[in-house]
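Hi,

Here is the structure I promised to pass on.

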Amino acid sequence: MIEARGVVKRFGSRTILRGVDISVATGETLVIIGGSGCGKSTLLKCVVGLLHPDGGSVTVDGRDIAKCRNEAEVADYRRRFGYLFQEGALFDSMTIWENVTFGLRYLTDISPARYRRLAREKLAMVGLKDIEDFRPAELSGGMKKRVALARAIAAEPSYILYDEPTTGLDPIMSDVINDLILDLQKQLKVTSIVVTHDMKSAYKIASRIAMLHEGRVLGQGSPNDFKTSADPRIHQFVNGLSQGPIKMKLKDYEPDAAEGA
Amino acid sequence: MIEMWLSALGGAALGVMESAGQFALLVQSTVRWMFKSKIEWRQTLIQCARIGADSLPVTLMTTFFTGMVLALQGGASTEHFFNQPLFVGMLVGFAIVMELSPVMTALVVAGRAGAAIAAELGTMKVTEQIDALYTLGTDPVRYLVIPRVLAFILVLPFLVVISDFSGILGGYLVAKVKYQIPPSVFWHDIVDTMRVRHFMHGYIKAYVFAVAVSLICCYKGVTARGGAEGVGKSTTQAVVLSMVAIFVLDYLATAVLVALGIT
């Protein structure tokens with residue numbers, strides 16, 4: 001179980017998270033939605049321990065990474081997670097199979113002799129084969145995402161965190177990735193947090209949705225609750241409307257009325 | 001107006017302090033991991049091959065021509081005063097071995113391999129590959145920084161020794177061809193006057209430069225921000241800072257070595 005309590009995160013003078021409270025039950029898939037820059041990815045990075053909150057706490061199965069006393073405890077905390085980065089973050093100096101099995105050296109006791117076979121198995125789970133000796137630069141965007149997913153599940157984590165898994169993909173490939181996420185959840189029985197602003201994807205894969213706005217949780221509920229939400233901000237966001245209470249600037253510079261006259 | 005200047009000055013000072021603090025933390029983390037964890041020898045060897053192979057030809061050429069210039073100038077100066085070129089071998093030997101070979105080699109390696117390291121780590125940083133290392137259970141300092149620092153420490157002194165020979169060979173060629181100095185005279189000038197401690201003077205400096213350049217370039221790489229432009233800026237800063245550090249540390253190391261009698 002993941003629990004975030006009053007999480008605050010600042011970068012210099014900018015406060016990105018202003019007291020976020022979220023909990024994710026075991027086996028659940030929580031989808032976090034929200035506009036660009038609202039702090040979704042920052043929250044995900046606080047959960048995995050890439051960033052440390054300036055206030056509040058994040059606990060995973062009762063353990064707070066900020067309170068880990070030594071490297072072994074930190075490694076034990078990280079071992080629970082698989083993380084899919086927005087752009088894949090594959091190591092471009094390595095082959096695909098080396099990428100997929102990279103974490104096994106540090107997170108597991110599996111013998112290196114078995115790595116190649118394991119890489120083949122994990123790649124098969126995400127629908128890829130015969131690409132073990134390719135380099136990331138030789139793959140398409142969708143294939144890179146799948147390889148990154150294979151890497152995230154290679155060490156058999158209990159939690160998978162997805163940072164915008166469908167961003168930058170065509171609609172068909174986005175749906176393929178959604179199906180893969182659902183399929184992996186069924187096969188591996190993992191708990192997941194998915195950060196996205198793709199509502200089609202959110203409705204398809206979520207057991208529960210939470211919306212972040214201006215660094216706080218605006219609302220939480222089932223996909224159906226969100227479809228029928230009476231909150232005008234949630235309604236505007238999930239329907240993708242430019243007019244509504246959430247103001248986005250059309251242009252950085254609006255000409256003065258007097259200037260035009 | 002004064003308020004604005006003071007604020008800008010304060011901001012700049014804070015920026016410098018922050019960078020110094022981050023650099024100190026990187027150094028501390030590097031030392032801690034170096035003694036605490038298993039060294040990534042495969043990565044270290046790959047880096048040794050890259051740094052050595054990248055830098056060797058241009059290093060040899062640089063010190064070879066430097067040796068030639070030294071011989072030419074030394075010969076011309078002594079010819080002007082004594083009507084014949086004197087002590088050319090000694091001049092070339094001392095200047096190359098104690099000063100120019102370590103400094104020139106470090107500058108070339110900083111410009112060649114140091115820039116490559118800053119650009120590579122910077123690209124890894126802005127494409128989240130360094131974050132990916134964390135999530136895959138390893139510390140980037142252990143996996144990326146230590147192999148590069150070790151590779152510099154292993155390769156740079158070796159390059160300096162080869163450069164010593166290259167520079168002296170350049171000087172020897174000019175002495176022979178331009179001034180018709182017999183080879184035995186040139187070599188005796190060197191062998192009769194130079195001692196092991198003179199060689200050690202330059203060799204020790206190579207270690208100092210290796211540590212400084214590798215840490216600066218790694219630091220600039222892992223702290224790169226803001227996409228391609230940020231990587232470019234970090235790479236330039238890495239090279240410029242390394243060059244300044246080489247000259248400053250050259251003086252400081254020389255002062256210490258002179259005080260210790262290694263001169």
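A word on naming before anything else: helices (H or I, at least four residues) and strands (E, at least two) are DSSP runs, numbered from the N terminus. On that basis, chain B has 8 helices and 0 strands. This is a predicted model, in which local features need pLDDT of at least 70 and side-chain atom pairs count only at pLDDT 80 or more, while totals for chains, interfaces and linings use all residues. Residues are numbered from 1 along each chain as its sequence is written, and chains are lettered from A and ligands numbered from 1 in the order in which they are written.

Chain B

Along the sequence, chain B reads α-α-α-α-α-α-α-α. Its C-alpha trace spans about 70 × 55 × 35 Å along the principal axes. Of its 263 residues, 46% are buried (20 or more other C-beta atoms within 10 Å of a residue's own; exposed is 12 or fewer, partly exposed is in between, and C-beta atoms are placed from the backbone). Among contacts in chain B with a separation of 6 or more, 88% come from residues 24 or more positions apart (two residues are in contact if their C-beta atoms, placed from the backbone, lie within 7 Å).

One helix pair to look at is H7(B), residues 196-222, with H8(B), residues 227-259: they pack at an angle of about 150 degrees, with axes 9 Å apart. Axes here are lines fitted to C-alpha atoms, for helices over the stretch in contact, and angles run from 0 to 180 degrees between N-to-C directions. The two helices are therefore roughly antiparallel (over 145 degrees; under 35 is roughly parallel, 65 to 115 roughly perpendicular and the rest oblique). The residues in contact include Ile204(B), Val208(B) and Ile216(B) from H7(B), and Leu241(B), Ala245(B) and Leu249(B) from H8(B). By class, this contact has 14 nonpolar, 5 polar and 3 charged residues (Ala, Val, Leu, Ile, Met, Phe, Trp, Tyr, Cys and Pro count as nonpolar, Asp, Glu, Lys and Arg as charged, and the others, Gly among them, as polar).

Chain A

Here you'll find an open sheet of 6 strands with mixed pairing, in the order E6-E7-E8-E3-E9-E10. Strands pair if DSSP finds at least two bridges between them. The edge strands are E6 and E10 (216-221), each pairing on one side only, and the twist averages 15 degrees from one strand to the next.

Strand E3(A), residues 29-33, is largely enclosed by the rest of the structure, because 5 of its 5 residues are buried. Thr29(A), Val31(A) and Ile33(A) point one way from E3(A), and Leu30(A) and Ile32(A) the other way. E3(A) runs parallel to E8(A), residues 191-195, over 4 bridges, with Ile32(A) partnered by Val195(A). Another 4 bridges join E3(A) in parallel to E9(A), residues 208-213, where Val31(A) stands opposite Ile209(A). E9(A) and E10(A), by contrast, pair in the antiparallel sense over 5 bridges, with His213(A) opposite Arg216(A).

Where the chains meet

The contact takes 15 residues from chain A and 10 residues from chain B. On the chain A side, H2 (71-79), E6 (81-84) and H4 (104-107) each give two or more residues, and H2(A) gives the most, with 3 residues. That side has 11 nonpolar, 1 polar and 3 charged residues.

Cheers
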